[in-house]
Amino acid sequence: MGILRRLSGLLTGKRPVAEPTTTVTILVVGAGSTGLALAQGLKKAGIPCIVVEKNESLDAQPRDWNMGLHWGAESLQALMPEDMWSRIQSIQVDPSTPTAAEDAIQFLNGQTGELMTSVPANNFYRLRRRKLRALLADGLDIRYGVRLEKIEYSKDTKYATASFDKGPSITASLIVGTDGARSTTRELILGPKQGSIRTLPYCATFVQARFTAEQALFLRKFHPLYLACINPAGYFAFFGLHDVPDTKRPETWTFFFYISWHSSLEEQEATAKWSNAQRLQQVKEFSAQFTDPWKSAFSWLPDDKEVWYMSLTDFDPGAEGHRWDNRGGRVTLAGDAAHAMTYQRGQGLNHSVTDAGKLAGAIQDFFSGRKTRGDAIRLYEEEMIARAGEEVRMSTTNTEMVHDWQKVLRSPIMTKGMMKVHDNESGN
């Protein structure tokens, strides 16, 4: 009878009486953009879902960043209720600047300021991650402060149970890991070796900063929202707005910018314990070889300005040994948990919300009986791995090439722009 009560709960979303676990049809692990978008799509379809998040709130981590949404916008819009999508402008880096139907990201020579190319970016949304998550969290059942520790599978192949560091376990028909690039779910289903992320020989130092009104107006004149550059000395850099709380007070604007460079794994290990002051000094020295706005923006930073340093990483779901066992459609991955990629080609969010849209459709297929759960999840994974796995490889190749001046002009961002991989191949 216990199993029957659990299975009943899976279909109804109701917690069974006197059972030691919570039951739900779909359990989403990780309240990032992917997991929340998926949960909204499931809610829209009337499918019971719980989201668990290891942090105590959406704003528990102090770092925030912004992301480009372009060809993936259709998928995100389809997952959201109509009134939620109508608020998409409010979560842009500058809500007062309407999204242009036709636009382009300018790529400059980082030393001379000469325009190298303009990459088409039509209907390009530059979204603040924190605001996107807050919007997507509206109306969802999210359990905060619980960290996934174990997944067990019933012998009758009907369900999976997730256990956490605290609180009740949760039994579901399907567990979806959307817990980011360093996914615990991925390591549990692949093992710590095959499921770990790969560190690449590239690093970046990020800054978010406000300036005086005069300085802010000077920095923004290069582009109202964003631009990028490639420096012949072997650097890539981005510069853009992050927050505009008051359009009439430039001193309140926050800018988001970074420089990335080749850094061997040995160098990364040797500098692993560097202080913030050392990181800041290093990137200021790099910026001296740049044109504006990077040169001035970095030079105007105070010596105690906090910076954010990170190694670049990837995870290719199409690589040997990375194909996980979904246990008959009882566990799968989406977003960065499935395909962590470098960001110089601006594809991560677009593939992640596309995953959410396609997985929501697959779940509806088995929930309605149109497909078996195993077939629905298998088909979702095959498409996702082919699409996003190829993008992981292309993005990593792009990262390598934009840091090598001899190869820059042949890099994917220069030759293919920000189109989907399959669109590039078909010539569309």
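In the predicted model, strand 13 (residues 235-243) and strand 14 (residues 254-262) pair in the antiparallel sense over eight bridges. Within this pairing, Phe238 stands opposite Tyr258 of strand 14. Strand 13 is mostly covered, nine of its nine residues being buried. Strand 13 is also joined to strand 12 by six bridges, and these two strands run antiparallel. Here the bridge partner of Ala228 is Phe238 in strand 13. Strands 12 and 13 form a hairpin with three residues between them, and Gly234, in the turn, has a positive phi of about 105°.

Phe107 has Ala228 of strand 12 as its bridge partner.

Helix 2 (residues 33-45) and helix 5 (residues 129-136) pack at an angle of about 25°, and their axes are 9 Å apart. Because the angle is under 35 degrees, helix 2 is roughly parallel to helix 5. The crossing of these two helices is left-handed. Helix 2 contributes Ser33, Leu36, Ala37 and Gln40 to the contact, and helix 5 contributes Arg129, Leu132, Arg133 and Leu136.

In the second pair, helix 12 (residues 348-368) and helix 13 (residues 373-402) pack at an angle of about 165°, with an axis separation of 8 Å. The angle is over 145 degrees, and helix 12 is therefore roughly antiparallel to helix 13. The crossing of helix 12 and helix 13 is right-handed. On the side of helix 12, the contact is made by His351, Thr354, Asp355, Lys358, Leu359, Ala362, Asp365 and Phe366. On the side of helix 13, the residues in contact are Arg373, Ala376, Ile377, Tyr380, Glu383, Met384, Arg387, Ala388 and Glu391.

The UniProt record, an unreviewed entry, lists residues 24-388 as "domain: FAD-binding". The span is 31% helix and 27% strand, and its end C-alpha atoms lie 28 Å apart.

Leu27 lies in strand 1 (residues 22-29). With 0% relative accessibility, Leu27 counts as buried. Residues up to four places away in sequence aside, Leu27 touches Ile50, Val52, Ala162, Phe164, Ile170, Ala172, Leu174, Ile175 and Val176. Leu27 and Thr161 are 134 residues apart in sequence, while the distance between their C-alpha atoms is 9.4 Å.

Gln282 is found in helix 9 (residues 276-287). A relative accessibility of 11% is under the 20% limit, so Gln282 counts as buried. Leaving out residues up to four places away in sequence, Gln282 touches Trp261 and Trp274.

Several features of the backbone were found in loops. Most residues other than glycine have a negative phi, and most peptide bonds are trans. The peptide bond from Asp292 to Pro293, however, is cis, with omega near 10°. Pro293 is placed in the loop between helix 9 and helix 10 (294-299).

Thr157 has a positive phi of about 65° although it is not a glycine. Thr157 is located in the loop between strand 8 (148-153) and strand 9 (160-164), and counts as partly exposed at 45% relative accessibility. Arg327, likewise not a glycine, has a positive phi of about 55°. The loop that holds Arg327 runs between strand 15 and strand 16 (331-333). At 37% relative accessibility, Arg327 counts as partly exposed.

Definitions and conventions. Residues are numbered from 1 along each chain as its sequence is written. This is a predicted model: local features need pLDDT of at least 70, side-chain atom pairs count only at pLDDT 80 or more; totals for chains, interfaces and linings use all residues. Side-chain values use heavy atoms; hydrogens and water are left out. UniProt positions are given in the numbering used here, feature names are shortened, and annotations may be inferred rather than shown by experiment. Helices (H or I, at least four residues) and strands (E, at least two) are DSSP runs, numbered from the N terminus. Buried means under 20% relative accessible area, exposed over 50%, partly exposed in between (1.4 Å probe, protein chains only). Contact means heavy atoms within 4.5 Å. Two strands pair if DSSP finds at least two bridges between them. Axes are lines fitted to C-alpha atoms, for helices over the stretch in contact, and angles run from 0 to 180 degrees between N-to-C directions. Angles under 35 degrees count as roughly parallel, over 145 as roughly antiparallel, 65 to 115 as roughly perpendicular and the rest as oblique. A crossing is left-handed if the near helix is turned anticlockwise from the far one by less than a right angle, and right-handed if clockwise.
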